[in-house]
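Here is a short briefing on a protein model. Look at the structure first, then read the points below.

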Amino acid sequence: SLAADCLMTQYKVTALAVVDEKKLATGTDNGILEYWNTSSKMIIQRLQAHTQAIKGIAVINSKTLATGSKAKTIKIFSLPNLFCLHTINAHTEMVTALASVPGKDYFLSGGQDNYWKIWDVKEGKNLLSKSSNGAQTIYVVQDYIKDKILWEKKINLDKEKKENSIVVAIGGKREIYVWLV
């Protein structure tokens, strides 16, 4: 049987990310970011990160945390002190998802405006915007071997490069979109 620990919060949790084996970050429906010590089951820090619900959290290189909100903004925080490094007006509609790319200093966001975007963590700048054809949920698949990917014939792959990251977006029209990053 599985045993579970319970962390008690007074808010409705709308987003969650594992920071490391002892730390967890949660976002709430009223824009509060909570940083937890899972061993002690105590909140290390709580702050009002956004004016509306936090819809996504991504941990980037274990040194940085990004949060995306219903208020169309993304905030980038340093870890472990949660100092706000950047506030970004990211999408024209609410941010619906964030995803990090392990080992990279960038992350992705998806929005209800039907775009996914790549962001530079250090500068808080947009590196790429791409129409998601209605997809609002994004995932990053890291370091796949292209010969094992079923979509190989549908994507123009660099034959010299053996490892890449791909972005997978799931749309409301029963469609899955795949991009090479």
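Buried means under 20% relative accessible area, exposed over 50%, and partly exposed in between (1.4 Å probe, protein chains only).

This is a predicted model: local features need pLDDT of at least 70, side-chain atom pairs count only at pLDDT 80 or more, and totals for chains, interfaces and linings use all residues. Residues are numbered from 1 along each chain as its sequence is written, and side-chain values use heavy atoms, leaving out hydrogens and water.

- Leu 33 has contacts (heavy atoms within 4.5 Å) beyond four places in sequence, among them Ala 25, Leu 47, Ile 57, Leu 65, Phe 77 and Leu 82.

**Val 18 and its strand**

- Val 18 lies in strand β1, and Leu 16 lies in β1 (residues 13–20). Strands are DSSP runs (E, at least two residues), numbered from the N terminus.
- Val 18 is exposed, with a relative accessible area of 56%.
- Leaving aside neighbours within four places in sequence, Val 18 contacts Lys 23, Leu 24 and Val 59.
- Val 18 and Tyr 35 are 17 residues apart in sequence, and 10.0 Å apart in space, C-alpha to C-alpha.

Notes:
Helix = DSSP H or I, 4+ residues; strand = E, 2+ residues; numbered from the N terminus.
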